[in-house]
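Good morning, everyone. Please take a look at the sequence and the structure on the screen. I will go through them one region at a time.

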Amino acid sequence: IHELQSGIAHWQFRPRRLPDEAWQVTRQPHSPDGTRTYILKNLRRDRYLLLSSREYFLWQLFDGTHSLEEIARAFHFEFGAFDYNSIRFLLVKMYQAGLLVEPDQLALQRSQREQTVDAWPLGRQRLALFWRRLSFTVPHADRLCSTIYRRGGFLLFHWPVLVLVLIVATLAGTAALRLSGQAKQFTSLLSGHPWRTTVIMLGSLLAASMMHVLVHALACKAYHRQVRGLGFFLLQGVLPTFYADVTDIFMSTRRARVVVDIAGPLVELVLGSTAFLVAYQFPLGVGQAVLFGIGVLLWEGALINLYPFSFLELDGYNIVADLLAMPTLRQQALALAPALPRRLLKPKDLRRAEWFQIGYLLLCVVSVLIYLIAHLDALRALLPAWN
């Protein structure tokens with residue numbers, strides 16, 4: 001047994017990544033400031049990591065032949081700065097994603113630590129497990145989506161279908177404008193049957209949500225990528241939400257990601273257009289009012305999903321982030337916000353990517369203000385009830 005100082009042992013540690021057949025890297029397009037990011041996939045655990053150009057440089061050195069001292073020196077020579085925190089944080093991410101070969105001692109310590117049981121965390125885990133049982137996951141989701149795609153789903157992803165969708169939406173918009181003059185009558189008819197109309201509209205929204213995520217998944221299969229999951233869960237523990245895990249599309253091209261992003265909202269657009277067109281053929285009555293209301297709800301849902309500047313990471317935001325090659329645009333913009341007044345005093349020091357982040361923040365703030373102003377009448381109507 002030889003005694004070594006911990007610092008010496010640490011600097012001589014040689015991190016080693018998994019064999020080449022156990023991972024895959026996809027290079028992303030250049031962002032506005034000229035930088036490039038990479039998506040690293042663990043093929044064994046089906047895990048994904050977003051790497052900056054600096055982290056990707058370090059990843060290439062994690063081959064088991066370079067010590068941490070050599071890696072830090074190479075990092076300094078390449079980027080002109082010694083930033084050991086970047087190396088340390090990347091090592092942590094890699095170990096958590098299972099992308100680095102663990103030393104035997106570390107694995108032994110982890111297994112011993114996992115054997116210790118604390119009653120309070122265990123109780124919380126059981127409660128969280130019970131709550132998660134309210135959600136469900138479709139078994140063999142990738143196989144199911146592949147079958148649906150082969151048996152007709154592929155027909156959705158051709159240019160004639162997109163042209164047809166735009167034509168139908170144009171006709172539906174004309175029908176909606178002509179029906180809008182009867183909006184007060186529709187409101188009166190719907191208020192006469194509140195429970196029935198509410199159930200029908202909520203059912204329509206849930207059905208549209210299921211089709212929304214399914215088309216996302218089929219778009220992913222159109223580019224021969226894996227659908228990692230389909231299912232239902234309670235967003236924030238409250239809001240019923242359907243989901244499709246199409247993370248694997250990040251291993252494809254930018255065009256593929258944009259197509260997957262836009263495919264979902266087109267479902268609400270088509271279904272809402274159909275509701276408007278059918279309502280236009282109905283005589284005035286409860287049925288026409290319900291169809292008109294469904295059309296309004298679905299079109300509004302499509303608009304909310306496609307609008308990128310709402311501080312929410314919906315489909316429209318993902319489209320903008322993909323087109324700009326800035327996958328963490330929202331997080332970067334929010335991180336820039338506290339220092340924004342000071343940074344604006346020296347606008348020449350701002351990088352091009354930071355101007356995009358500032359633009360995103362301003363558009364989000366303006367959008368929220370416009371939304372609140374547009375709904376002031378509704379808020380005033382509620383004030384007497386609050387008082």
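Let's begin with F311. At 26% relative accessibility, F311 is partly exposed, because the buried class stops under 20% and the exposed class starts over 50%. F311 sits in the loop between helix 12 (286–306) and helix 13 (315–324). Its phi is positive, about 65°, although F311 is not a glycine.

Now A325. Is A325 buried or exposed? A325 counts as buried, because its relative accessibility is 8%. This residue lies in the loop between helix 13 and helix 14 (329–336). A325 is not a glycine, yet its phi is positive too, at about 55°.

A step back. What you see is a predicted model. The protein chain averages a pLDDT of 85, and 84% of the residues score at least 70. Where is pLDDT under 50? Look at residues 105–109. For that stretch the model has 2 contacts beyond four places in sequence.

Next, the whole chain. The protein chain has 17 helices and 6 strands. Of its 387 residues, 34% are buried. Take the contacts between residues at least 6 apart in sequence: 65% of them join residues at least 24 apart. The accessible surface comes to about 23,900 Å². Carbon and sulfur atoms account for 64% of that surface.

Now helix 2, residues 53–61. Its buried residues are E55, Y56, F57, L58, W59 and L61. What covers them? The cover includes strand 1 (23–30), strand 2 (36–42) and strand 3 (47–51). Helix 3 (68–79) and helix 4 (84–96) are also part of that cover.

Strand 2 and strand 3 run antiparallel, joined by 5 bridges. K41 stands opposite Y48 in strand 3. The two strands form a hairpin with 4 residues between them. In that hairpin, D46 takes a positive phi near 60°.

Last stop, the surface. There is a nonpolar patch of about 620 Å². V365, V368, L369, Y371, L372, I373 and L376 make this patch. Which helix gives the most to the patch? Helix 16 (residues 352–374) does, with 6 residues. L376 lies in helix 17 (residues 376–386). L376 is partly exposed, because its relative accessible area is 32%.

That's my tour. Thank you.

Terms used
Residues are numbered from 1 along each chain as its sequence is written. This is a predicted model: local features need pLDDT of at least 70, side-chain atom pairs count only at pLDDT 80 or more; totals for chains, interfaces and linings use all residues. Side-chain values use heavy atoms; hydrogens and water are left out. Patches are made of residues with over 30% relative accessible area and no salt bridge: like charges are joined within 9 Å, nonpolar side chains (Val, Leu, Ile, Met, Phe, Trp, Tyr) within 5 Å. Accessible areas come from the Shrake-Rupley method with a 1.4 Å probe; for residues, only the protein chains shown count as cover. A salt bridge is a side-chain nitrogen of Lys or Arg within 4 Å of a carboxyl oxygen of Asp or Glu. Buried means under 20% relative accessible area, exposed over 50%, partly exposed in between (1.4 Å probe, protein chains only). pLDDT is the predictor's confidence in each residue, from 0 to 100. Contact means heavy atoms within 4.5 Å. Two strands pair if DSSP finds at least two bridges between them.
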